[in-house]
Amino acid sequence: MSTLYLTILFPLIGFVLLAVGRDKLSENVAAIIGVGSVGLSALFALLAGLAFTSSGQPVFVQHLWTWFNVGGFAPGITLHLDGLSLLMMGMITGVGFLIHIFASWYMRGEDGYARFFSYFNLFVASMLVLVLGDNLALLFLGWEGVGLCSYLLIGFYYSNPANGWAAIKAFTVTRVGDVFLLIALFLLYQQFGTLNTQYIVENAASVMTQSSSLSIWTALMLFLGAAGKSAQIPLQTWLADAMAGPTPVSALIHAATMVTAGVYLTSRMHSVIEMAPAVMQFISITGAVTLLVAGFAALVQTDIKRILAYSTMSQLGYMFMAVGAEAYQAGLFHMLAHAFFKALLFLSSGAVILACHHEQNIFKMGG
């Protein structure tokens, strides 16, 4: 388990090599670096997971160094492995590796092949920082990292102005959610004097007052932060437009990783949100409304990828409905199943789009 940090380090190294090499690298070299770094990350995630489950301990913490120290506030670059982060880590590296393999074939012959994989690697590294960070400051670093990478990947074909606008829209709408999350971090620090996730979760019941206005605002800000990333009403408008990116991007961002970050956050901070039962109810209602609206919107789409995007939005509504009803295991199981089936759906749609010579209208695809 002492090699846990390598799961993040390999994609980061891959990103640096690809970003520095850019157009100087051949497609084969770029593919080997891009796919290989995530493959190694998945391998070490597997080894860490096996070591963790066989050790029998509930939590493994690996402190690397102190990030900064300001007025007694000293968040560490510390990795925290428990059942929830193990589930997320396996999902990100496993599904991410398979999507990387598909992308190495799908993106052949495109301009900016190495640039694409540099963004892809940085995305995986940011997502791993998000789920493995032991404090909310580190989680926020990963949170912003995946927001940046989604902007770069959605706007990958930037020569078309519409794609640039789709990227800006995704960046702006998720940024609104990030502001709410930042407010939640301020409120949590004010109450607990630390941003250590484990400490906050264990002491929420003793520090916070049930249904007080402060508890309600803290829980609500956490959920609104999650809603921005996970495309819940009213912050759902960016997800369908994000289909402007290449199909492997849709598979990685909108199936396995970025959009599930909100579900991860609400599950991770469950004890804080449970201090405000009204917010729990609000989360379930928001999830229910989102899944209905997105489901009906999908009925009238003609673009094969937009149909899947609305489907993703709808499935995320189910997950939030479960989390709001305190059925965390059901919500997380659905999230894991969704990561695989939605990634497969997107990759299959990518194969169909290529076979139909980049045609995305389902009514032009035969019977």
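The model is predicted: local features need pLDDT of at least 70, side-chain atom pairs count only at pLDDT 80 or more, and totals for chains, interfaces and linings use all residues. Residues are numbered from 1 along each chain as its sequence is written, and side-chain values use heavy atoms, with hydrogens and water left out.

**View 1. Surface of the chain.** Of the 367 residues, 56% count as buried (under 20% relative accessible area, 1.4 Å probe, protein chains only).

**View 2. Helices, strands and overall extent.** The chain holds 15 helices and 2 strands (DSSP runs, H or I of at least four residues for helices and E of at least two for strands, numbered from the N terminus). Its C-alpha atoms fill a box of roughly 60 × 45 × 35 Å along the principal axes.

**View 3. The largest nonpolar core.** This core has 118 residues, of which F116, L130, L188, L222 and W238 touch the most other members. A nonpolar core is a set of buried Ala, Val, Leu, Ile, Met, Phe, Trp, Tyr and Cys residues joined through side-chain atoms within 4.5 Å. Helix α4 (residues 113-132) contributes the most to the core, with 15 residues.

**View 4. Surroundings of L188.** Neighbours within four places in sequence aside, L188 is in contact with L136, G193, T194, L195, I200, T218, L222, M269 and V272 (contact: heavy atoms within 4.5 Å).

Key:
Buried < 20%, exposed > 50% of the residue type's maximum accessible area, 1.4 Å probe, protein only.
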